[in-house]
Structures are given as structure tokens and as C-alpha cells.
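I opened a new notebook page for this structure. My entries go from the whole chain down to single residues.

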Amino acid sequence: MDIQIIAAEKPLMAQARPHKPAPFLPMSRAEMDALGWDACDIVLVTGDAYVDHPSFGMAIIGRLLEAQGFRVGIISQPDWHSAEPFKALGKPKVFFGVTGGNMDSMVNRYTADRRIRSDDAYTAGGEGGKRPDRCTVVYAQRCREAFKGVPVVLGGIEASLRRIAHYDYWSDKVRRSVLADAKADLLLYGNAERAVVEVANRLAAGEAPRELDDIRGVALFRRVPDDYTELHADDIDSADEGASRTKGLTVIRLPALEQVEQDKEAYARASRVLHRESNPGNARPLVQRHGDRDLWLNPPPIPLTSEEMDAVYDLPYARPPHPSYGDAKIPAWDMIKFSVTIMRGCFGGCTFCSITEHEGRIIQNRSEGSILREIEKIRDKTPGFTGVISDIGGPTANMYRMACKDPKVEAACRRPSCVFPEICPNLNTSHDDLIRLYRKVRETKGIKKVMVASGVRYDLAVESPEYIKELVTHHVGGYLKIAPEHTERGPLDKMMKPGIGAYNQFKRMFDAAAEQAGKKYYLIPYFIAAHPGTTDEDMMNLALWLKKNRYRADQVQTFLPSPMATATAMYHTGVNPLRGVRRGGSDKVEAIKGLRQRRLHKAFLRYHDPDNWPVLREALKEMGRADLIGSRPDQLVPAHQPPGTGKAAGTRRPVRPDGKTQRFTTKNLRVMK
């Protein structure tokens, strides 16, 4: 395949119009008046507090559109109970841009146990309840009510991950594309800088939204043109998944909304094909029937070049929160204000993670110069800076400037991961550029320490002993968070994560480097409970590994089925989309759905908590592993229960009239409650 197909037609900033930027993008009519504006061209509505910083999506898109010459205003966390707050900046001349914020609103508002969260890191004061459920849908509908006829364009991670018919964990059903629910005109998925610039310029030039069907990264409702050949991936009885290549224009038909609602194998097939068509170098358009309309998804956006990434991060961000918040703390801002993003994307392909679906698997890198300029801005402009960069990295800490050795191979590849089941021989795993960057950052005047807080991909790090030495000697402060996720091969294969041996190798190298540097540093491993493909025995073995290695997790993560993730498809369907999906020939996956079994798996991760001992004892007995109950070092939980403990096993069910305690069933065992 010709590599030229993934080259952008024109540079991102080709149509930029230099002019004086606003101190902050206006959030009120008074600010608009101060800027001399009678109206906004574009109004961005966001579920987050407005922080004018490149870690916040609305700031990037707003400043980018401002650089194109548009007058951009922001409506942040409006009261959604009426359309009035959506009229605050007047009628936009070009379009409303709607985003749920930096997180999917349902992930933001609810825990993995479907309990509502009391706080929100992206809200002033950390206050919960400032955004509605399904934020993007609600905001878009209010924009329609506020000013009829103004195009509504969806973007951000919530829209991106809900761009086709998708399983929604919180309602436990398949929902149609958010574009249909929101009744919006266009949906931009992924990091949408290229798409939003072209959409804005073409709408401003008088084109209708329906005419913007040739822009990458755009989803809209349209019929299939007559000159396209349809490749049918919607016949689940056929092994043909629409993967064949044909001459001319082609589009792959996914199983329809009604089909994936009723047929779990059809849902798994749609998930498999969507993820297969994710490489900008070879992806083809997708179409999915929604009732009497066709939802059309163009291929993914072309990744930004380093020059374009630099241009995005060099935009004139004020960097702190909007002054209207006063002294209120915004936890997400406090977390990142001294950190620096150096790259985007991830080629790891972890099935439970949404980074690849949103940012893509081709790494987009900033130049050293751009990164150093931002560090100088942090040093000179951010109040409270003490000389410590709190984190330097991206979705992962150590994929900077890593790429396929052959661009033509990269453009043709359909592997969901470059590092699973092993590191691809075509992948350049050199850490030299990253090591050089670390050294230049440390040499910057006024910088005392540069931290790498988390996100190290350890199976890549072991390829570079020099990187581990550099990391440990200069960039770790006490402990480093790392994510092996599990110890057992069954769940790890479903996660597309390396075996625990890679973690053990990294730990040996980490400990040796720490000893050589004369430091006492520790690894903090993260694990997931209740991931699809995990048995109760897997969790027991993980708990034994944790005890043997003297790890006691204070906080543990229970698998949360986020929209569009491959592991979510496994959870919903019981089918493995990593392999071919065909009626009667699909690979089955055990999903942990019952709340009590999910809590049991979580209890294994916190084997040391006395509140979990009653349920663990009962589980071990039913598993035939009562030998693990006792006080020996090789046993998991003691037989003795300290007074006043044992509550975390869950609220006890009422005793039946016959005096017998009710039971609940987990996979292959029965546990007393």
C-alpha cells in the first residue's frame, strides 16, 4: 500500500490568521464586550471547568480555532435544566461545539459498582453533580433549543467512544450512536484538530454539515453513494468479516443497530471490525444502519506531525483556570499544572483501555524545543512552582518517538498491538531520544527535579537497561506506579498484556539500578479485579502472589466496561473479538457480571483486610482450598476473626423465615452471605 495515503493534504496551521489572542476565551457577555465582539463565531460547551491549558480538550480546540481567526467563546458546566444558560454568549455564527469534557460523563459520575461519585476532579471545588448523565446528549439538545438552525458538532472522548452502537454499562443495554441520541449534525472522533479546523472553515464558507462527508475522523448520517462497493461484515453466519480488498471505493457494512441489540455475536463482530479498521494507513469507511438511516464513519484522522504537535502546544494558553473560579481548587488542574505532555497515542492495545480508540496507536511526538519551551513557561508563569516537574510523559511514559521501522509496513499493518503477544520485530524500541530529552530537561535553568510518576511500559523498558538506570537515578521519587494488571495467563491474554515474567524482569533491573544509585525506591504494582476471562482461581493465585511478594494494595481497581473497549465487548457478549467471530465458531469468554462475584474478586486483591476474611474463607472452602486458611506465611487468610471486623463482605441479606441464610452463586462456587 502506498504510504502517501496517510500524508495530510495540508498542514494543520495552513489557514492560520495571526491576530491578538484573548487573555482567556470569553465565558460571559462582559468579556465579549471587553474584546469588542458583538457575537461569537463558535461556542464550545463543555462538561469540565474551563482551564486554559493544553491538558484540557476545550482549551486546545478553542485556542486552535482562535488561531484560525474565529471568535471562540466557552460555556462551561451550564445548568442543563433549561436552554437559557446555553444562550449566555448569544447565537454563534458558525456552530456549537459540544463535549462532555476530558472524561466520559458516565465514567466521571459513577464507580465500577454503579454508585454515584460524590466528587468531580474537573469541577471547581471538586464538587460532584455539575454535569448530567450522558452529558454530550443533554448539552446538544439544549443547544438545539437555544438557537434553532445552528449546526451542532460533537467531539471529545465521550462522543469518540460512543460513535457507533455501543454497550452502555450503566443502563446495561446497547445504545445507538450518540450522534443519533444528541440529534447533532456531525461527530468528530479522536484527537480532532485536523477535522475541526476543516469543519469550521467550510461551515463558515457556507457549506452545509451534510456536505462535509469527505473529512477524516467525521461521523454523520448519509446514504451509501452509488459508486461505493459494500463489503458485508454483517452476516454473522459467514466467516467473511469484510476484510477482503477490492478495487475502487469500498465501505464496510457493520451489523445494524437492531442486529447488535438482539445478537451478542453480531455486537462482537462489529467491535472486531471497528478495531481492525483503526489504522489511518489502510482503514476504510464504515457504515451501520440505525433504523431507516445509515451512520457513516470516515477513516481515522491523519496523525499530527511533530511540527503540528508543536504548533498546538505553542498556542497562547493562559494556563491557569478561568478567573471566574476565584480561589476554588480544581483537582484535575492541581494534578497536572506542573506536568508536561510529550506525546500522544499508544500502540499497546490493552483491551480494557480507551486510549487507542481515541488517540490512535501511532505515536505523535512533540519536538525537544517545544517541550523545553513549555517547561520554561511552567517555571516562569505558574504560581507555586518549586522547580519540580511532577510528571513528564503522555498516555505512556516511554513510547516517545517509537515507531515502526518501515513506514510502508506501518501503513499496511492491522495488528491491534505492537507489543502483544510479543514485541513486533518491526518496532523501534530505542529509548535514546527519550533519555536525551530527560537530560536536556534536567539541564533547564530552575528545574530541580523531573518526575516520571507512572505509565512506564515495563516490557519496553527492559529493552533498554540504560533507560531504567536513567529513570531510577534521576526521575523516581520514593516509588513508581506500574501496571502488570494480573499474574495469570488467562486474564492477561484477554487484556493483551505481557506475562508477569516481564514485570519480574523489570523489577530486578529496577532494584539493581536503585541499589547502584544508593536509593531506596519501590514499585507499586496495579492490578485489575473481575476482568473478562478471569476465574476465581486466577484471583486466588494473584492474592497468593501478592502475599508472597509482601504487597498490600490500599486501593484496587475493579474492571469498568467503558464504551467501545474490546474488553467491554467481551463483558457484554461473552465472545472474544480478538479472534474471528462467526455463528457457532466464536471464542467464548467468561464475564464476571454479578456484583457479589465482582466484590469477591476485589476482596482477593485486598486479602490482608480483615473485613474481607469471612467471604474469602467461605470462597476458599468451596474451592477446595481450605488449606489456605490459617496463620502460616503460605496461607492466605487466618482462621481467627478480630472482633468488630468482617463487614466488607457486603450487607447481609435478611435471614429467611426458616432460619437459613441466603446464598449467592459465583463461578463454580457458592459463597455464604
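**Ground rules.** I call a residue buried when its relative accessible area is under 20%, exposed when it is over 50%, and partly exposed in between, using a 1.4 Å probe and protein chains only. By that rule, 57% of the 673 residues of the chain count as buried. I am working with a predicted model, in which local features need pLDDT of at least 70 and side-chain atom pairs count only at pLDDT 80 or more, while totals for chains, interfaces and linings use all residues. I number residues from 1 along each chain as its sequence is written, and I use heavy atoms for side-chain values, with hydrogens and water left out.

**Whole chain.** I looked up the secondary structure and found 23 helices and 23 strands; helices (H or I, at least four residues) and strands (E, at least two) are DSSP runs, numbered from the N terminus. The radius of gyration is 26 Å, close to the 26 Å that the globule rule gives for 673 residues, so the chain is as compact as a globular protein of that length. That radius is taken over C-alpha atoms, and the rule is 2.2 Å times the number of residues to the power 0.38. Along the principal axes, the C-alpha atoms fill a box of roughly 75 × 60 × 55 Å. I count a contact when heavy atoms are within 4.5 Å. Among contacts between residues at least 6 apart in sequence, 74% join residues at least 24 apart.

**Strand β1.** Because 5 of its 5 residues are buried, β1 is largely enclosed by the rest of the structure. In a regular strand the side chains alternate between the two faces of the sheet. In β1 both faces are covered, with Ile42, Leu44 and Thr46 buried on one side and Val43 and Val45 buried on the other. Which strands pair with β1? I take two strands as paired if DSSP finds at least two bridges between them. β1 runs parallel to β3 (residues 95–99), with 5 bridges, and Ile42 has Phe95 as its bridge partner there. β1 also pairs in the parallel sense with β2 (residues 72–76), over 5 bridges, where Leu44 stands opposite Ile74.

**Cores.** A nonpolar core is a set of buried Ala, Val, Leu, Ile, Met, Phe, Trp, Tyr and Cys residues joined through side-chain atoms within 4.5 Å. The largest one has 75 residues, and Ile342, Phe347, Val456, Phe506 and Phe604 touch the most other members. Helix α19 (residues 500–517) gives the most to this core, with 7 residues. Another core, of 52 residues, lies apart from it, and Val153, Val199, Leu212 and Met309 are among its members.

**Thr534.** I found Thr534 in the loop between β20 (522–529) and α20 (536–548). Is Thr534 buried or exposed? Thr534 counts as buried because its relative accessibility is 1%. Not counting residues up to four places away in sequence, Thr534 touches His486, Pro491, Met539, Ile592 and His601. Its side chain reaches the backbone oxygen of His531 at 2.7 Å.

**Glu207.** My last entry is Glu207, in the loop between α7 (193–204) and β8 (218–221). Glu207 counts as partly exposed, because its relative accessibility is 28%. Beyond its neighbours within four places in sequence, Glu207 is in contact with Arg202 and Leu212.

Technical notes: Polar contact = N/O pair within 3.5 Å; in protein donor to acceptor, adjacent residues only side chain to side chain.
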